[in-house]
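Subject: Structure for your files

Hello,

Please find the structure below. My notes on it follow.

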Amino acid sequence: MKILVADDSRVMRQIVIRTLRQAGYDDHDIVEAEDGADALSKVSSEKPDLVLSDWNMPNMTGIECLQALRSSGSAVPFGFVTSEGSPEMREKAASAGALFLIAKPFTEDTFKEHLDGMLS
Amino acid sequence: MSAVDTGERRRSGEHRPVITELIDEATVQSIAEDAWTALVGEDEFLLPTPGELPADVVSSWVDVVGPWTGSVVLTTGRETAAGLTRALLGDHAPEELEDEDVADAFGEIANVVGGNVKAALPGTSALSLPGVGEAPAVRNPADLCRVDVLWRGEPLSISVQGALPALPVPSQH
């Protein structure tokens with residue numbers, strides 16, 4: 001499987017990728033995107049099987065990226081990994097078509113909880 | 001009695017809460033501890049002990065805009081910020097850290113702490129992207145919740161501070 005990790009922080013992308021490995025998902029291809037616009041373009045060019053995206057990013061936010069994907073007909077599985085885990089954000093994410101929202105800080109167990117059915 | 005609604009009563013009745021009415025130091029400390037354990041490392045602790053910040057400090061912050069508006073600001077010595085960056089990068093840390101690496105890592109810690117402070121506040125708020133540099137000034141000492149901790153023996157402060165009153169806008173020439 002191919003996973004697209006979108007976050008404007010390079011450090012956070014590394015932490016997400018490290019946590020994926022720690023959670024046991026170490027045999028997947030990883031592609032990185034540095035904001036929502038980059039993620040939108042890479043969904044089209046890289047055809048990932050899953051997008052893990054931050055919410056708050058310059059150029060295009062994660063939710064704008066998800067909305068753009070769904071309006072263009074893409075049904076790529078999409079989950080948020082964000083520092084904002086309020087009930088309002090979760091509701092907004094779900095109604096836009098996100099499968100889950102993992103709030104930062106997270107652990108490998110949080111990743112397993114949300115990704116096990118999908119990646120293993 | 002006048003029937004004219006000037007809005008005066010509503011305005012005078014408005015109450016903008018200060019941060020100490022909304023969150024306490026123990027909650028801020030707990031949010032920071034969770035961020036440290038997850039981001040910096042499982043065996044990394046924040047001791048709730050004040051220390052004297054060195055002269056050469058750097059801050060990272062995010063702004064929260066909503067029923068309460070202000071900033072969540074982390075301040076520590078430049079060396080400590082570099083140490084945090086190395087801890088976050090782990091095996092990927094370069095031999096020579098660039099300023100950009102420190103801004104990215106220290107900014108991301110402020111983002112995670114600030115996002116969780118925001119989630120603990122009532123109502124709906126928006127969160128800014130992180131800033132790194134010289135800390136925003138404390139505008140109102142009564143609208144401040146500050147926690148001082150030690151990480152690996154080095155001092156670090158976490159300040160949740162209101163944005164009001166606004167600073168005077170410099171005159172344009």
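Predicted model: local features only at pLDDT ≥ 70, side-chain atom pairs only at ≥ 80, totals over all residues.

Interface of chain A and chain B

Chain A brings 18 residues to the contact and chain B brings 21 residues. About 1800 Å² is buried between the two chains, with carbon and sulfur atoms giving 53% of that area. On the side of chain A, the residues that lose the most area to chain B are Val11(A), Ser83(A) and Pro105(A), which together account for 28% of what that side buries.

Three salt bridges are found across the interface by the rule used. One of them joins the side chains of Arg10(A) and Asp101(B), at 2.6 Å from N to O. Polar contacts between chain A and chain B come to 10 residue pairs, with both residues at pLDDT 80 or more.

Two helices of chain A, α1 (10-22) and α4 (87-96), each supply at least two residues of the side that touches chain B. The largest share, six residues, comes from α1(A). By class, that side of chain A has eight nonpolar, four polar and six charged residues.

Packing of α1(A) on α5(A)

Within chain A, α1(A) also packs with helix α5 (residues 108-119), at an angle of about 75° and with the axes 9 Å apart. The two helices are therefore roughly perpendicular. From α1(A), the residues Val16(A), Thr19(A), Leu20(A) and Gln22(A) meet Glu108(A), Phe111(A) and Leu115(A) of α5(A). This contact has four nonpolar, two polar and one charged residues.

Regards

Terms used
Residues numbered from 1 in each chain as written. Chains lettered and ligands numbered in written order. Heavy atoms only, no water. Contact = heavy atoms within 4.5 Å. Buried area = accessible area lost by both parts, 1.4 Å probe. Salt bridge = Lys/Arg side-chain N within 4 Å of Asp/Glu carboxyl O. Polar contact = N/O pair within 3.5 Å; in protein donor to acceptor, adjacent residues only side chain to side chain. Helix = DSSP H or I, 4+ residues; strand = E, 2+ residues; numbered from the N terminus. Nonpolar A, V, L, I, M, F, W, Y, C, P; charged D, E, K, R; others polar. Axes fitted to C-alpha atoms, helices over the stretch in contact; angles between N-to-C directions. Parallel < 35°, antiparallel > 145°, perpendicular 65-115°, else oblique.
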